[in-house]
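Here is a short note for anyone opening this entry for the first time. Please read the points in order, with the structure in view.

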Amino acid sequence: MNEKDRRAEQIAYLQHCVSENLNHARHVENERLTFTSIYIAMVIGAVAVVFGLENNVIAAIVAALLTAFGLVSAKLNERWQGVFDDHMKKAAQCDDR
């Protein structure tokens, strides 16, 4: 195999790496979008329930659960952002090479 063929194979491999990392980054963004849509629908429903309840104890429990789920959601989004950033960095590194 000559140098030209080897170089062409390397370029094809790096193009594939860029493409795969961008596809994975898009997948992570779609996961986050789906999760956020479900989370917002749940929050709207929970807030409607809290304001519709006359029992303050149950309303406080629902509000506490909503707060706990909000913290978990923030951590998940933080994790997804890290994964997204990693894929974008790897794609940029492959593109630079």
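1. Fold. The chain has two helices and zero strands. Keep in mind that this is a predicted model.

2. Overall shape. The C-alpha trace spans about 80 × 15 × 15 Å along its principal axes. The radius of gyration is 22 Å, whereas a compact globule of 97 residues would have one near 13 Å.

3. Take contacts with a separation of 6 or more: 80% of them join residues 24 or more positions apart. Of the 97 residues, 18% count as buried.

4. Surface and charge. The accessible surface comes to about 7,300 Å². Carbon and sulfur atoms hold 62% of that surface. The chain carries 10 positive and 12 negative charges, and their mean positions lie 5 Å apart.

5. Salt bridges. How many does a search of the whole structure find? It finds two.

6. Arginine 6 and glutamate 3. Their closest N and O atoms are 3.9 Å apart. Both residues sit in helix α1, which covers residues 3-52. They are three residues apart there, so about one helical turn separates them. Arginine 6 is partly exposed at 40% relative accessible area. Glutamate 3 counts as exposed, at 53%.

7. Arginine 32 and glutamate 29. Here the closest N and O atoms are 2.6 Å apart. This pair is also three residues apart in helix α1, so the separation is again about one helical turn. Is arginine 32 buried or exposed? Arginine 32 counts as buried, because its relative accessibility is 14% and the cut-off is under 20%. Glutamate 29 is partly exposed, at 31%.

Technical notes:
Residues are numbered from 1 along each chain as its sequence is written. This is a predicted model: local features need pLDDT of at least 70, side-chain atom pairs count only at pLDDT 80 or more; totals for chains, interfaces and linings use all residues. Side-chain values use heavy atoms; hydrogens and water are left out. Helices (H or I, at least four residues) and strands (E, at least two) are DSSP runs, numbered from the N terminus. The radius of gyration is taken over C-alpha atoms; the globule rule is 2.2 Å times the number of residues to the power 0.38. Buried means under 20% relative accessible area, exposed over 50%, partly exposed in between (1.4 Å probe, protein chains only). Contact means heavy atoms within 4.5 Å. Accessible areas come from the Shrake-Rupley method with a 1.4 Å probe; for residues, only the protein chains shown count as cover. Lys and Arg count as positive and Asp and Glu as negative; His and the chain ends are not counted. The place of a charge is taken as NZ of Lys, CZ of Arg, CG of Asp or CD of Glu. A salt bridge is a side-chain nitrogen of Lys or Arg within 4 Å of a carboxyl oxygen of Asp or Glu.
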